[in-house]
Amino acid sequence: MAAKPQRASESKKRKGISGPKDEERKSTPKKLKLQSSNPSQKGPKKPFKSSEQPRKEQRKQLEDNSKIQKGDSESKKESRIRAKELAEARKKKRKKHYTLEQELALLWEKMRRRDIGKEERSKFVTEALNKMKGKIPEIAGSHVSSRVLQTCVKHCSQDERNAVFLELQPHYMTLITNTYAVHLVTKMLDNASKEQLGQFISSLHGHVASLLRHMVGSLVVEHVYNLGNASQKQSLLMELYSPELQLFKDLVSIKETRLVDVIAKLQLQKSSVLRHMTSVLQPILEKGILDHSIVHRVLMEYLTIADESSATEIIKQLSGPLLVRVIHTKDGSRIGMLCVKHGSAKERKKIIKGMKGHVDKIARDRWGSMVLVSILSIVDDTKLLSKNIIRELEGTLPELVLDQNARRPLLQLLHPNCSRYFSPEDLASLSLTVPSLSTKGELEGGPSVPQQMESSKVYQEIEEDKKTEENRSKDDEKSLQLDEAGKKDPLTRRKELLIVGGLAEKLIDACCEVGGDMLRSKFGKEVIYEVAIGGADGILHPRMDEKLGKLHEAIASLAAQPKLEGAEEEHPLEQFHSSRTIRKLILDSPAFASTLWEKALKGKCAMWSQGHSSKVVSAFLESSDGAVCEMVKKELEPLIESGVLKLPAVANEHDKAGQDPKPE
């Protein structure tokens with residue numbers, strides 16, 4: 001039994017385990033040994049600093065330390081200077097024209113000042129161009145010298161500009177794809193003559209498709225496309241249609257502006273053209289280079305000849321946030337409308353959600369607003385529309401109702417497809433379809449709308465009717481109707497957006513808030529008129545009758561203001577736009593006519609029986625409502641007999657001469 005503890009103690013000794021007393025004895029020498037044998041310590045051991053060190057020695061040490069610090073700071077400055085010198089030397093070795101760029105930068109600072117005279121600036125420009133002569137293509141890609149060149153090209157003489165153009169001409173294809181030189185190229189094109197622009201476009205022949213796939217090069221192609229005339233634009237487009245046209249650019253005359261015309265004239269195989277265009281467009285779509293109008297034009301032409309699967313694939317790729325970057329041009333807007341019309345419910349949802357945060361900007365755009373009109377006319381999911389489109393429009397309604405473009409979506413809900421508010425071109429755009437995806441396959445009239453045709457027989461029929469197209473487009477103005485792609489009844493859709501969604505209430509409030517500005521505005525007057533009469537088909541009645549009564553009173557109170565001579569603003573009854581709008585409201589809304597008479601005109605007609613205001617007074621006698629005519633008969637008959645107020649027939653003739661112009 002006693003052997004076991006002995007073994008345990010032996011094992012402890014073997015393992016090096018010691019008791020507390022042994023630890024106390026061994027602790028001091030062990031620590032000293034570890035300190036002395038530490039391999040991480042480098043250099044001699046620092047002397048121990050005791051707290052009892054004399055004060056004089058401490059002061060001396062502090063002085064020595066401060067001297068060392070000063071020496072260190074001086075050495076840092078010297079090292080910075082040496083580093084700068086080394087960097088300069090490296091730049092001189094790396095950059096061939098480094099010294100020249102430094103000199104040009106100094107000249108640029110002088111020539112770009114605003115308070116400098118023309119003669120003095122021209123001296124600096126000439127000096128800079130003389131220094132760069134013969135080296136312009138080499139330094140054009142530099143961040144500094146390309147800016148200097150842009151300023152020189154802007155302010156130099158025509159002879160100097162021609163010299164720069166000639167020097168750069170052989171190197172344009174290299175410069176086009178350079179991040180800095182591209183700005184110089186666009187500046188040269190802005191100041192180029194017609195001959196120089198033509199030469200530059202000729203130099204792009206065979207490279208248009210590859211440049212459109214380049215993030216930088218595509219900017220130049222777009223810039224040239226916008227600067228060029230019709231034939232130059234066509235020459236750029238033809239390269240993207242077919243490999244034959246890429247090789248032989250003179251095959252097509254300027255008359256063939258549409259792809260279907262080119263295919264019919266040259267008897268090209270549509271499948272071959274479709275394959276080539278797919279190979280051109282697919283990389284552009286994958287890279288997302290979709291901001292350019294030339295790309296929108298090509299996409300629009302592609303959809304006119306695409307088969308069902310190809311057209312569906314393109315619409316699927318564009319449906320989403322990517323479409324926001326397309327709809328700011330005429331062709332891009334039409335592509336957007338086609339995506340909305342032919343897209344599935346899932347794709348439409350992506351398009352609408354992709355517009356989140358951009359609705360206000362899109363509404364104010366000339367072409368983007370038409371895409372919103374199309375969405376509000378086609379999409380059946382009114383909850384989705386109210387949440388993503390209507391809510392954003394409501395935030396800035398007082399401003400939107402006065403805007404030429406932003407009022408269009410509102411007018412479409414109040415009075416759909418009205419030829420007073422939408423031009424024939426706008427209505428035709430709303431009715432466009434992709435031929436391969438359209439069940440009707442109807443053709444649209446008008447030379448500005450792409451023809452939906454696939455066979456030479458249809459082409460011949462269009463050719464025969466070309467002479468009468470302009471006359472037909474005028475007749476079609478009233479008959480063009482939007483091809484509704486939604487399943488929901490249009491009136492139900494409008495009610496859900498206006499009444500259920502709450503837009504109508506806020507729209508009436510906005511009209512009450514800025515009614516005076518709207519009546520005087522060329523564009524706002526149309527919105528306030530449609531709201532005040534309750535919209536087409538009486539859509540705002542009877543739910544909004546109480547609110548409409550308040551709007552009628554607000555307009556009547558503006559008309560009831562006293563007539564002051566020398567006032568800054570004309571009286572609403574005398575101002576051109578407001579007087580005509582009030583007159584139309586009297587003719588079309590008996591409720592408004594009664595309110596206006598009681599609040600503003602009763603007993604004051606003699607004062608308002610001359611000038612523009614006379615048309616407002618005479619409108620009461622022209623009203624189709626018998627009660628309105630009876631209400632004013634007593635006061636107006638004496639004025640007519642005395643010749644102060646003109647008869648309605650005479651007033652009508654004069655009013656025809658002053659009718660509102662057609663929509664812009």
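**Entry 1: the chain overall**

I started with burial: 44% of the 664 residues in the chain are buried. The model I am reading is predicted. Next I looked up the secondary structure and found 39 helices and zero strands. I then turned to contacts between residues at least 6 apart in sequence. Of these, 70% join residues at least 24 apart.

**Entry 2: helix H23**

I picked H23, which covers residues 368-378. How many of its residues are buried? I find 11 of the 11, so H23 is largely enclosed by the rest of the structure. I listed the buried residues from Gly 368 to Ile 378. Among them are Met 370, Val 371 and Val 373, along with Ser 369, Ser 374 and Ser 377.

**Entry 3: H23 against H24**

I checked H23 with helix H24, residues 382-394. Their axes come within 12 Å and cross at roughly 160°. Angles over 145 degrees count as roughly antiparallel, so that is the label for H23 relative to H24. I noted the handedness too: H23 passes H24 in a left-handed crossing. Which residues make the contact? From H23 I have Leu 372, Ile 375 and Leu 376. From H24 I have Leu 385, Ile 389 and Ile 390. I sorted this contact by class and got six nonpolar residues, no polar and no charged. On the H23 side, Leu 372, Ile 375 and Leu 376 are also on my list of buried residues.

**Entry 4: H14 against H18**

I moved to helix H14, residues 230-241, and helix H18, residues 293-305. The axes come within 11 Å and cross at roughly 50°. That angle makes H14 oblique to H18. I recorded a right-handed crossing where H14 passes H18. H14 brings Leu 236, Leu 237, Leu 240 and Tyr 241 to the contact. H18 brings Ile 294, Arg 297, Val 298 and Glu 301. By class I have six nonpolar, no polar and two charged residues for H14 with H18.

**Entry 5: Thr 304**

I stayed on H18, where Thr 304 is found. Is Thr 304 buried or exposed? Its relative accessible area is 5%, so I logged Thr 304 as buried; the cut-off for buried is under 20%. Where does its side chain reach? I traced the side chain of Thr 304 to the backbone oxygen of Glu 301, at 2.5 Å.

Terms used. Residues are numbered from 1 along each chain as its sequence is written. This is a predicted model: local features need pLDDT of at least 70, side-chain atom pairs count only at pLDDT 80 or more; totals for chains, interfaces and linings use all residues. Side-chain values use heavy atoms; hydrogens and water are left out. Buried means under 20% relative accessible area, exposed over 50%, partly exposed in between (1.4 Å probe, protein chains only). Helices (H or I, at least four residues) and strands (E, at least two) are DSSP runs, numbered from the N terminus. Axes are lines fitted to C-alpha atoms, for helices over the stretch in contact, and angles run from 0 to 180 degrees between N-to-C directions. Angles under 35 degrees count as roughly parallel, over 145 as roughly antiparallel, 65 to 115 as roughly perpendicular and the rest as oblique. A crossing is left-handed if the near helix is turned anticlockwise from the far one by less than a right angle, and right-handed if clockwise. Contact means heavy atoms within 4.5 Å. Ala, Val, Leu, Ile, Met, Phe, Trp, Tyr, Cys and Pro count as nonpolar, Asp, Glu, Lys and Arg as charged, and the others, Gly among them, as polar. A polar contact is a pair of N or O atoms within 3.5 Å; within protein, one must be able to donate a hydrogen and the other to accept it, and residues adjacent in sequence count only if both atoms are side-chain atoms.
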